[in-house]
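Here are my notes for you on this model.

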Amino acid sequence: MEVVLLGLLFGLYLTIRYFMVDHDTIADKDRKRFRKGIELVQKRNATEAYPYFNEAVQQYPKSAVAYAYRGKCQLIQENYYSAIYDLTEAISRDNTLADCYLDRGIALYYTNEFQQAFREFDKAVWHFRDEQPDAYRWRALARIQLRQLPQAENDLRRAVALGDENSFHILLQPPFTRPVYQR
């Protein structure tokens, strides 16, 4: 009888504790904190977003999200080496931000570092868990530069299966010769 009562009280305690604990990650809290700047980046307004995130990095130097979005602003403004730096800082603070790997890979691709870009796109594909066609398309573009054409074709076909029209158009061009079927 006492064991049942103690078990019931312990279960009640665990239930209450579960609902009282904050379940947001640090990155989720930062995304809420920097919502205004994130909206500016989503609107591709990098000229206003960059000062916002530059100040955010100064105020919150441990924030991976602030570095990630400052790097994204640098990428939009075509400051590729600065973007690589900011995105590397973001990854060193939180290595689970999948967008950082994709953006860093894009910056490396535009600086003609195709082998390193391929590695970053490969990490992005893994972190996105097969849900982001852009990661497959960019990885295929890096593979084309590295002359890995069969694997690039597979990546492009996977991106098409995920609904990426850009990959469909790339597959219609040489060196790819097999027909492409789109659903």
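1. Some ground rules. This is a predicted model, so local features need pLDDT of at least 70 and side-chain atom pairs count only at pLDDT 80 or more, while totals for chains, interfaces and linings use all residues. Residues are numbered from 1 along each chain as its sequence is written, and side-chain values use heavy atoms, with hydrogens and water left out.

2. Start with helix 3 (residues 35-42) and helix 4 (residues 46-59), whose axes come within 8 Å and cross at roughly 150°. That makes helix 3 roughly antiparallel to helix 4. A word on terms: helices (H or I, at least four residues) are DSSP runs, numbered from the N terminus. Axes are lines fitted to C-alpha atoms, for helices over the stretch in contact, and angles run from 0 to 180 degrees between N-to-C directions. Angles under 35 degrees count as roughly parallel, over 145 as roughly antiparallel, 65 to 115 as roughly perpendicular and the rest as oblique.

3. Who touches whom here? Helix 3 brings Lys-36, Gly-37, Ile-38, Leu-40 and Val-41, and helix 4 brings Glu-48, Ala-49, Tyr-52 and Phe-53; contact means heavy atoms within 4.5 Å. Sorted by class, the residues of this contact of helix 3 with helix 4 are six nonpolar, one polar and two charged. In this scheme Ala, Val, Leu, Ile, Met, Phe, Trp, Tyr, Cys and Pro count as nonpolar, Asp, Glu, Lys and Arg as charged, and the others, Gly among them, as polar.

4. Now try helix 9 and helix 10 (residues 149-161): their axes come within 8 Å and cross at roughly 160°. Helix 9 is therefore roughly antiparallel to helix 10. The class count for the contact of helix 9 with helix 10 is eight nonpolar, one polar and five charged residues.

5. Buried means under 20% relative accessible area, exposed over 50%, partly exposed in between (1.4 Å probe, protein chains only).

6. Have a look at the backbone in two loops. Asn-112 is not a glycine, yet its phi is positive, near 65°; find Asn-112 between helix 7 (98-110) and helix 8 (114-128). Arg-129 also has a positive phi without being a glycine, at about 55°, and Arg-129 sits in the loop between helix 8 and helix 9 (133-145). Asn-112 is exposed at 54%, and Arg-129 is exposed at 53%.

7. Next, the proline pair. Pro-174 and Pro-175 are joined by a cis peptide bond, with omega about 15°. Pro-175 belongs to the segment after helix 11 (165-171).

8. Last, pick out Gln-145 in helix 9, which is partly exposed at 36% relative accessible area. Beyond its neighbours within four places in sequence, Gln-145 is in contact with Tyr-109 and Phe-114.
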